[in-house]
Amino acid sequence: MAFGTPVAGAAAYSAAGGTTVAPAYPSGILATDAVLLFVGQKPSTPNGGTVTTPTGWTLREEITAAGGYGSTLGGDTGNTNLRVYSWNTPVAGQTGTQSITLAVNDVSWAFIVRVPTSGGTLSYGSADGQRTTTPTSPMSIALTNGASATDFRTEDIAVWAMCIPTDVTTPSQFSSQSITATGATFATAVEINEPDSTTGADIGGYSAYALVSSGTSSTAPTVDVSLDGTLTNVRGGVGLVRIREAVVIRTGSLAATETGLDTFTSSGKVIVKGSLSVSETGTDTLSATGSVLVQGSLQATEVGLDTAAFTGVVISSSITGTMAANEEGLDIANFDGRQTQEKSVGGGGLIKMTASRRDLISAAEKMLRLLQKPIIKNTLKITKVTKKLEEVTEQARPRTTTLETLAEQAIIELVNQQKLIKNVEDARKIRVIIQELKEIKNYVEDEEEAIMMLFG
């Protein structure tokens with residue numbers, strides 16, 4: 001499902017040597033949001049520094065002692081720490097600040113960002129990496145997957161940040177952020193902020209996000225960013241979180257209707273417990289396509305002297321659904337419906353296709369015209385078939401089984417006649433008629449009143 005635009009609260013900073021930092025909640029928080037907390041820290045002793053996970057939050061990724069400085073620590077230098085948390089149960093309308101406890105801290109920054117969702121179940125992956133030497137621009141940092149791999153898929157979102165030990169050029173140090181992962185294509189990355197402070201021994205950094213527009217990837221990502229100003233101490237750790245939303249379980253419907261002498265194309269998707277219907281009336285063309293993914297129905301109806309093409313798919317590992325297509329008129333109708341399901345999972349579904357009386361009468365009339373061609377020898381069996389076809393065309397509702405049987409009888413008789421014909425051209429004409437009868441027979445078989453497809 002698609003994510004909305006992330007919204008960040010203002011970054012907050014600890015006092016020099018402070019034991020807390022309290023970032024503000026972003027405005028407009030919803031209970032369905034994914035809410036992340038980023039904490040960047042410069043410790044008061046080399047490679048030290050701790051953060052207590054706030055109550056109600058889960059640590060998703062951390063990288064400590066990052067930057068390649070060893071035991072060096074001072075103004076604009078030294079290793080940094082970065083941690084990312086997710087809020088377990090966001091509270092709609094939450095305001096104020098979230099207090100975070102720090103220890104062995106020189107200076108820290110923190111901010112909270114909310115990511116709007118469609119209300120589906122969320123899952124997380126993570127990765128981290130670091131720059132340990134003075135970079136050039138653009139700076140590229142290859143990340144390593146955390147305990148839960150990123151494994152990007154279409155419509156995932158990646159949110160990441162970097163913590164550096166300097167504020168010399170921030171908050172205008174970074175630009176043109178991007179992310180790559182083999183097999184996945186990302187939309188243009190967007191910068192969230194560039195936290196920086198002259199408090200204590202200084203601190204800086206940036207954050208950004210990007211959506212996966214297509215593809216999948218089983219490799220950890222690489223993040224890139226262009227740099228301006230002094231680059232000497234633009235080093236430190238990067239922490240990234242991948243958010244994924246499962247399909248939303250909801251009820252709903254989509255309907256499209258068109259009337260007129262024109263062309264109508266309709267497509268619709270209903271996710272879970274819903275229905276899709278399209279209808280069209282007029283001397284024109286209708287193309288309707290719909291998907292119902294779980295427990296739903298697809299219906300398409302067309303009336304007119306024109307062409308109708310209906311395609312429907314019902315897909316689920318445990319599906320209960322229906323598809324119906326109806327068409328009437330002196331025209332062409334193509335109905336294509338299929339239902340797929342793992343055999344090992346219980347469930348059932350119905351695909352129902354109804355042929356109009358006119359369609360069946362047309363099939364009978366075409367068979368009659370074929371059997372009345374001069375090339376065909378008027379045997380007793382052929383006479384019986386043609387007489388029966390004449391009766392069928394007068395019926396209120398011909399039986400598909402009757403038409404199927406008559407077509408089969410005619411085919412058998414014509415095959416026998418073909419064997420006795422010496423003239424090559426006449427034999428070819430008989431073969432053509434036989435093939436047309438077979439096509440009609442197949443058509444009639446496909447137009448059964450109801451086709452049950454039960455699985456499990």
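**Group meeting: a walk through the model**

Hi everyone, let me start inside: Phe111 counts as buried, with a relative accessibility of 0%. By buried I mean under 20% relative accessible area, with exposed over 50% and partly exposed in between, using a 1.4 Å probe and protein chains only.

A quick word on what we are looking at. This is a predicted model, in which local features need pLDDT of at least 70 and side-chain atom pairs count only at pLDDT 80 or more, while totals for chains, interfaces and linings use all residues. Residues are numbered from 1 along each chain as its sequence is written, and side-chain values use heavy atoms, with hydrogens and water left out.

Now the overview. The chain has 456 residues, and 47% of them count as buried. Looking at contacts with a separation of 6 or more, 71% come from residues 24 or more positions apart, where contact means heavy atoms within 4.5 Å.

Back to Phe111, then. Overall, the structure holds 6 aromatic pairs. In one of them, Phe111 is stacked with Trp109, at 5.8 Å centre to centre and 25° between the planes. The rule here is that rings of Phe, Tyr and Trp (its six-membered ring) pair if their centres lie within 6.5 Å, and planes under 30 degrees apart are stacked, over 60 edge-to-face, and the rest tilted. Trp109 is buried too, with a relative accessible area of 0%. Elsewhere, Tyr25, Trp57 and Trp87 make up one aromatic cluster. And for those of you who like charges on rings, Arg235 lies over the face of Tyr69, 3.9 Å from the ring centre. That label requires NZ of Lys or CZ of Arg within 6 Å of the ring centre and within 35 degrees of the ring normal.

Next, a sheet. Which strands make up the open sheet of 3, and in what order? The order is E13-E20-E16, and the pairing is antiparallel. E13 (139–142) and E16 (174–180) are the edge strands, each with a single partner, so one side of each has no neighbour in the sheet. The twist averages 20° from one strand to the next, with axes being lines fitted to C-alpha atoms and angles running from 0 to 180 degrees between N-to-C directions.

For strands to pair, DSSP has to find at least two bridges between them. E13 also has two faces: Met139 and Ile141 are on the covered one, Ser140 and Ala142 on the uncovered one.

The peptide bond from Ser137 to Pro138 is cis, with omega near 0°, and Pro138 sits in the loop between strand E12 (122–131) and E13. As background, most peptide bonds are trans, and most residues other than glycine have a negative phi.

Glu155 belongs to the loop between E14 (144–145) and E15 (157–164), and is partly exposed at 36%.

Two last stops. Ser197 is in the loop between E18 (190–193) and E19 (204–215) and is buried, at 8% relative accessibility. Its side chain makes a polar contact of 3.0 Å with the side chain of Thr199, meaning a pair of N or O atoms within 3.5 Å; within protein, one must be able to donate a hydrogen and the other to accept it, and residues adjacent in sequence count only if both atoms are side-chain atoms. Leaving aside residues up to four places away in sequence, Ser197 touches Tyr13, Val107, Asp167, Asp202 and Ile203.

Gly215 is in E19 and is partly exposed, at 26%. With that sequence exclusion of up to four places, Gly215 touches residues including Phe152, Arg153 and Gly183. The C-alpha atoms of Gly215 and Phe186 are separated by 8.9 Å, and the two residues are 29 apart along the chain. Thanks, everyone!

Key. Helices (H or I, at least four residues) and strands (E, at least two) are DSSP runs, numbered from the N terminus.
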